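Grab a pencil and try these exercises on the structure below. Each task comes with a solution that goes step by step.

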Amino acid sequence: MIGRRGIVAGLLGGLVAGCTKVAQSGPGGRLLDAVEDWNRAVHRALTKRTALAREFAPAEISPTFRGNGTIQPDGFDYMMQQAAEFAGWRLAVDGLVERPLTLTLDQLKALPQRTQITRHDCVEGWSAIGQWTGPQLSRLLRLAGLRPEARYIVFHCADRLSGSPYYESIDLIDAFHPQTIVAHALNGAPLPVKNGAPLRLRVERQLGYKHAKYLQRIEAVASLRGIGGGKGGYWEDRGYQWYAGI
Amino acid sequence: MAERLRHSLLTRAWHWLNVVAVAILFFSGLNISNAHPRLYWGEAGFEPAEAWLHLPAFPAWMTIPGYYSLAEARAWHFLAAWPFAFGLLVFLVVLPFSRHGRDFVLRRRELSRAALREDVARHLKLDFAAHGGAFNLLQKYLYILVLFVLLPLMILTGLTLSPAMDAAFPWLLDVFGGRQSARSLHFVIAWALFGFVLVHIAAVLLSGPVRQVREMITGGRAPEAAT
């Protein structure tokens, strides 16, 4: 005889197996992918483009700021740069721009700076609060001059995870958001290596994996196809949502 | 005169929609919990020492999907969140205008301690008959708590976990005392709702399960009003 507990376990097993089957089917998988588009559409409709993420008081800064994903890039070039305290680091801004740029850290620091104390939300569930300083991404993009066909900004990083280069991408709404900065400092000191030294992106209305670390190159593109796995980011190529506002 | 149904089509549709949506939300939520099994109060937290609760790893057989995948669990969670949130919204908007809405109103005579004692005694004798209404008193309290407090809180605490929603509606952070507090509440209330479902299923099993389930499908017939 099947007891009540058996029935409950059977129903749960059926639900789990059913969901797995649905996800593997063509229409089921597409439905799960479509939800990301609904979320983005509703978020964009409900949110002013310039709505700011909350900024916190210095007293609320987390005592340490967790490093996650890559915490020490292991490429030879990076290690050489690290040994030289990133004196030779260059940030390229290229792709669909009128004037490709190559900037030194000193040139980036000479631009008008934005300092913001914000909360970093990891997709895993934890949060940390830190103070970030750097030029707004919008300023770099205006200096380079976006061409009209540019739709996305891609961030190429110096680290590799499981053998693949880390990269990320955002749309122009987030790229021109006032709190989207290329940070070179955390809590008033140069970025620690575990947090992305010498440069990382801050895109405050999205989850942590969008905040690309170890930035080497910012590329304006018309489409995300043909870059990495074509889904717009390292984690996106592994099933995570490209729109990470949720 | 048209025959009165015990459960309206709206109630029945919402009930079965929720069976599916809430089950997917709960079990995909356990998968998401496994990604960082610690809870904190306030805005931020990530160190074990900051946590007020260390959670167990929920086994794969009770998570959606049936293996650890934060990416896929999130996709399921957000898929089910849409019918859950909009189902609740439609139900709560329509309820005050429907006959069913009156079933949730506490009558003056029900507010006495004696009435509560009487209803508790009836429950202890496993007598689930409603006296003079669709719901008995404990049922009313429980449904009011679930429908008007716990379910809306699940949606609001869930929205607070979204950095984009926090930028759009910063008051969410003030209401719950920060994102990590909202995350803690989201988890605790999910288990409170799990407890509610257990009590609900137990009550159905003790009060004629075949008839109860059949009527939640067909609508059944409302008990004759006392004359």
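**Exercise 1.** Work out how many bridges join β1(A) to β2(A), and which way the two strands run.

*Solution.* Start with β1, residues 90-95 of chain A: 4 bridges join this strand to β2(A), and the two run antiparallel. That counts as pairing, since DSSP has to find at least two bridges between two strands. (Strands are DSSP runs of E, at least two residues long, and helices are runs of H or I of at least four, numbered from the N terminus.) Next, pick one bridge: A:R90 has A:T104 in β2(A) as its partner.

This is a predicted model, where local features need pLDDT of at least 70, side-chain atom pairs count only at pLDDT 80 or more, and totals for chains, interfaces and linings use all residues. Residues are numbered from 1 along each chain as its sequence is written, with chains lettered from A and ligands numbered from 1 in the order in which they are written.

**Exercise 2.** Find the strand order of the open sheet in chain A, and say why β2 and β6 each have a side without a neighbour.

*Solution.* First, the order of the 5 strands is β2-β1-β11-β5-β6, with mixed pairing. Then look at the ends: β2 (101-104) and β6 (164-171) are at the edges with a single partner strand each, so one side of each has no neighbour in the sheet.

**Exercise 3.** Describe the side of chain B that touches chain A.

*Solution.* Count first: 34 residues of chain B contact 42 of chain A (C-beta atoms, placed from the backbone, within 7 Å). Now the helices: α2(B) gives the largest share, 9 residues.

Conventions:
Two residues are in contact if their C-beta atoms, placed from the backbone, lie within 7 Å.
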